[in-house]
Amino acid sequence: MKRMTALCLLLCLLCGCAPRGGETPSADTPIVQEQSQNQICRVAFFEERTINPLTTRVGANVALYRLVFDGLFELTPDFQAVPMLCDGYTRDGNVWKFTLRSMTFSDGTALTAQDVVYSYNLAKQEESAYASRFQNIERFRAVNSSVVEVVTKSPNDDLPALLDIPVIKRDENATVAVGTGPYQIIYEGVSPVLVKNHYYGEAAMPYERIEIVSVGSEEQLAKELRAGKISMAAVDITATDAVSWGGDCDHVDYPTTTMLYLGFQTRSKALRSATVRRAIACALDRESIAGKDFSGFADASGIPVHPAAAQYSAQVADLLAYSPETARDHLAAAGRETLTVSLLVNAENPSKVSAAQRIAESLSAASITVNVETVPWEQFVSRLQSGRFELYLGEVVLSADFDIAPLVAPGGALNYGGFSSEYLSSAIYTARSGGDDSAYLRQFADEVPFAPILFKRDTLLVQKNYFAELTPAVHNPFYHFFDWKRVS
């Protein structure tokens with residue numbers, strides 16, 4: 001199985017902007033000269049046959065497109081979905097109707113419901129970065145020119161969080177898609193550039209024009225960043241194939257839905273017991289793993305919700321908080337004084353290998369012996385699929401509604417350990433129908449189908465003296481770009 005479709009489907013958002021030419025200023029260069037270098041902005045782009053946010057999985061381009069295309073909603077830094085291209089919506093059970101705002105594409109044509117439907121038909125295709133969001137969507141249609149109907153297969157009270165999908169103008173023959181965002185892509189000769197979309201509104205952008213620099217690899221992007229030729233890059237510093245992102249840059253971390261977790265083989269005799277699984281969960285020193293093994297580029301969490309999200313419950317998280325004493329009590333309640341298990345980890349990711357060793361150390365304080373098995377990626381995936389493991393260290397990009405169905409539902413794509421529970425399934429259904437999220441999370445803490453450890457952060461690396469204020473957010477390193485304050 002290829003990496004893009006295996007356990008850890010990650011989009012490493014890479015982008016950049018930089019001054020034109022010149023050498024990196026020395027330490028004694030006058031400040032006024034350093035500040036003058038931010039007058040030209042450049043972003044990195046991996047050339048593709050068409051410029052379309054819905055038919056690519058290239059991380060740098062997905063990031064860049066956030067400057068050009070809007071969705072029905074956008075996500076705030078605390079994971080809240082706020083309307084962008086719609087005024088609001090009505091809901092009747094699984095049927096949602098979204099009323100569009102009066103918006104204009106960068107070519108001067110009006111946004112219609114037919115454009116949204118056209119975009120969603122592209123976004124649900126396998127090659128799209130947004131395809132997984134349509135697994136629970138039964139159908140969608142244009143009710144009229146200004147109303148879009150979306151029908152889900154099962155209830156999802158947080159559906160708007162999934163609808164920050166870029167909307168493009170309906171045009172089957174376009175090689176450059178047209179959007180409603182703050183910039184539009186045009187060609188100057190053979191080179192694409194970003195220029196301000198004057199139909200966007202009165203908001204002033206930090207740059208009226210942004211140059212696009214073609215790069216052929218992440219290594220090249222990193223090299224250009226270190227040389228000062230690209231001034232910003234949004235990266236996953238702890239990715240398996242991460243390059244060296246050195247250089248004299250400021251950095252701003254921002255949250256993701258990428259969760260690191262400990263998976264259980266619940267078919268095994270020892271791990272069949274929820275009490276034993278709770279013991280293991282309470283023996284995880286998550287803060288140490290986040291701070292040391294992931295160098296602080298992560299937020300510890302004992303439940304499958306990011307701590308910054310509204311659905312997060314600190315009270316429930318405390319039930320699975322790190323405590324060797326509580327872990328030993330749970331183990332004793334399960335009729336055990338000790339436990340020995342193996343832990344499978346991907347050998348190709350240094351952060352995960354280090355985390356696995358720390359997990360083994362922290363569990364030993366709770367009388368749990370862990371034998372770490374470090375194996376190559378292909379073997380790691382093969383053993384998960386065949387169920388040949390006891391514990392495994394996994395990583396998954398959850399959707400912004402924090403849906404864990406792939407990990408816990410019978411037949412779920414990531415339910416490698418064969419977990420099944422009518423009680424948890426019922427609690428999830430109730431929560432997604434608009435019920436109490438904390439009740440579902442308490443049921444999760446009672447059964448512990450897997451043990452969350454942390455949510456990774458992405459990092460926006462920025463050359464010195466470009467921005468005094470910037471606000472990257474989940475899914476969008478250029479969140480509210482119009483509010484970014486340049487160093488003048």
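Modeller: Gladly, and let us start with rings: Phe, Tyr and Trp rings pair if their centres lie within 6.5 Å, and planes over 60 degrees apart count as edge-to-face. Please keep in mind that this is a predicted model. A search of the whole structure finds 26 aromatic pairs.

Colleague: Why is the pair of phenylalanine 478 and phenylalanine 481 called edge-to-face?

Modeller: The ring centres of these two are 5.7 Å apart, which is within the 6.5 Å limit for a pair. Their planes meet at 80°, and the cut-off is over 60 degrees, so the pair is edge-to-face. Ring pairs also link both residues into a cluster with Tyr183, Tyr207, Tyr466, Phe467 and Trp484.

Colleague: How do you know that phenylalanine 478 counts as buried?

Modeller: Buried means under 20% relative accessible area. Phenylalanine 478 has 3% relative accessibility, so it counts as buried. Phenylalanine 481, at 2%, counts as buried too.

Colleague: What makes the charged end of arginine 486 one that sits over the ring of tyrosine 207?

Modeller: The distance to the ring centre is 4.1 Å, and the limit is 6 Å. The definition also asks for a position within 35 degrees of the ring normal. The charged end of arginine 486 is listed as sitting over that ring.

Colleague: Which residues have the most contacts inside the largest nonpolar core?

Modeller: They are Leu262, Ile280 and Leu393, in a core of 77 residues. Isoleucine 280 touches Leu262, Phe264, Leu271, Leu339, Leu363, Ile368 and Leu391, leaving out residues up to four places away in sequence. Apart from that core lies another, of 60 residues, and Val62, Phe98, Tyr118 and Phe478 are among them. In soluble globular proteins, nonpolar side chains tend to be buried together.

Colleague: Why is arginine 286 called buried?

Modeller: Its relative accessible area is 6%, and the limit is under 20%, so arginine 286 is buried. This residue lies in helix α6 (residues 286–293). Its side chain reaches the backbone oxygen of leucine 320 at 2.9 Å, and the limit for a polar contact is 3.5 Å. Serine 301 is one of the residues in contact with arginine 286.

Colleague: How do you know that serine 301 is buried?

Modeller: With a relative accessible area of 2%, serine 301 is buried. It is found in the loop between β13 (298–300) and α7 (314–319). The side chain of serine 301 reaches the backbone oxygen of isoleucine 303 at 2.7 Å.

Colleague: What makes β6 and β7 a pair of strands?

Modeller: Two strands pair if there are at least two bridges between them. Strand β6 (residues 137–144) and strand β7 (residues 147–152) have six, in the antiparallel sense. Isoleucine 137, for instance, has threonine 152 as its bridge partner in β7. The two strands form a hairpin with two residues between them.

Colleague: Why is asparagine 465 called partly exposed?

Modeller: Asparagine 465 has 21% relative accessibility, so it counts as partly exposed. Its phi is positive, about 65°, although it is not a glycine. Most residues other than glycine have a negative phi. Phenylalanine 79 has a positive phi as well, near 70°. At 4% relative accessibility, phenylalanine 79 counts as buried.

Notes
Residues are numbered from 1 along each chain as its sequence is written. Side-chain values use heavy atoms; hydrogens and water are left out. A nonpolar core is a set of buried Ala, Val, Leu, Ile, Met, Phe, Trp, Tyr and Cys residues joined through side-chain atoms within 4.5 Å. Buried means under 20% relative accessible area, exposed over 50%, partly exposed in between (1.4 Å probe, protein chains only). Contact means heavy atoms within 4.5 Å. Helices (H or I, at least four residues) and strands (E, at least two) are DSSP runs, numbered from the N terminus. A polar contact is a pair of N or O atoms within 3.5 Å; within protein, one must be able to donate a hydrogen and the other to accept it, and residues adjacent in sequence count only if both atoms are side-chain atoms. Rings of Phe, Tyr and Trp (its six-membered ring) pair if their centres lie within 6.5 Å; planes under 30 degrees apart count as stacked, over 60 as edge-to-face and the rest as tilted.
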